Amino acid sequence: MSGAPLVGYSSSSEDEAGGSPAAAGRREEGAGEPGTHGAGPAQTSMPIPRLPVPDSVLNMFRDQEEEVTDDSIKHGGRVRNFPHERGNWATYVYLPCVIQEELLELQELLVSHARRYAVLLTAMEEFHISLSQSVVLRYHWINPLVQSLKEHVASFYRFFCTASQVKVYTNQHRTRTFVGLEVSCGHSQLLELVSEVDKVMEEFDLPTFYKNPSFHISLAWCVGDLTDKLEGQCLQELQEIVDGFEDSAFLLRFQWDQIRCRSGNKFFSFPLR
């Protein structure tokens, strides 16, 4: 959820700069006095020098040629899983989650409690369950992949799941840590969806999802690998907060009615039946 360099600007043909020496010679040979039909000897001429391209033209695309440099400070310390490259679109498939307002209160309680263990969590603003890894997709493959995904998930019905078990996760490169709620009911339906998404990824020679996945909804995150601080006593206390929260059984039951695919700044939605 990572620019090809542009070639230097130059004239498109030699004729734009006054013509090639051979062409100039041919024009001289046919340019004799009227009635001579160019029968006289051809006069040699010096080739017309090409004018230099102005610096303003040479520099007009320089900003696009420069490699994009990520500044993690602008992104809360987050680091890309793969480098930015023009034409590559970060793409992933997921189930968007619409939550009750009360769940935000539970989220704040968990974030606040983690501070007691010197862990400064940032609350998630959007919620989802991942059905694929984040992969690199070339722009011209976006629509074909989306069409294939649409066909593979067309037969799925809406379903419910429950996510009530607090767990600590890290990303693949262990540059971020997450506190999430693991799915405890609805796991089989999610596996069936992942199976179809994996088939689409294989069609385009992209990585499939993790083996034996722990489906979850992330509630908060922090930079770095802080699992040692969050697991153990802290994790137990976070679970107690969830279990004791009013109407938690209702708040932590989610209905899924659509699948989404995000590729760069493009979003595609596939309603479930």
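Thr-177 sits in strand E6, which runs over residues 176-185; strands here are DSSP runs of at least two residues, numbered from the N terminus. This is a predicted model, with local features needing pLDDT of at least 70, side-chain atom pairs counted only at pLDDT 80 or more, and totals for chains, interfaces and linings using all residues. Residues are numbered from 1 along each chain as its sequence is written, and side-chain values use heavy atoms, leaving out hydrogens and water.

Thr-177 counts as buried because its relative accessibility is 0% (buried is under 20% relative accessible area, exposed over 50%, partly exposed in between, with a 1.4 Å probe and protein chains only). A polar atom of its side chain lies 2.5 Å from the backbone oxygen of Gly-224, and the backbone nitrogen of Leu-226 is 2.9 Å from a polar atom of the Thr-177 side chain.

Turning to the histidines, the UniProt annotation "active site", from an unreviewed entry, covers His-128 and His-216; such annotations may be inferred rather than shown by experiment. They are spread over 89 residues of sequence, yet they cluster in space, with a largest C-alpha distance of 8.1 Å.

His-128 belongs to strand E3 (residues 127-130) and is partly exposed, at 24% relative accessible area. Beyond four places in sequence, the residues touching His-128 include Tyr-94, Cys-97 and His-216, where contact means heavy atoms within 4.5 Å.

His-216 is in strand E7 (residues 216-223) and is also partly exposed, at 22%. Its contacts beyond four places in sequence include His-128, Tyr-169 and Glu-182. The His-216 side chain reaches the backbone oxygen of Ser-214 at 2.8 Å.

Technical notes: Helix = DSSP H or I, 4+ residues; strand = E, 2+ residues; numbered from the N terminus. Polar contact = N/O pair within 3.5 Å; in protein donor to acceptor, adjacent residues only side chain to side chain.
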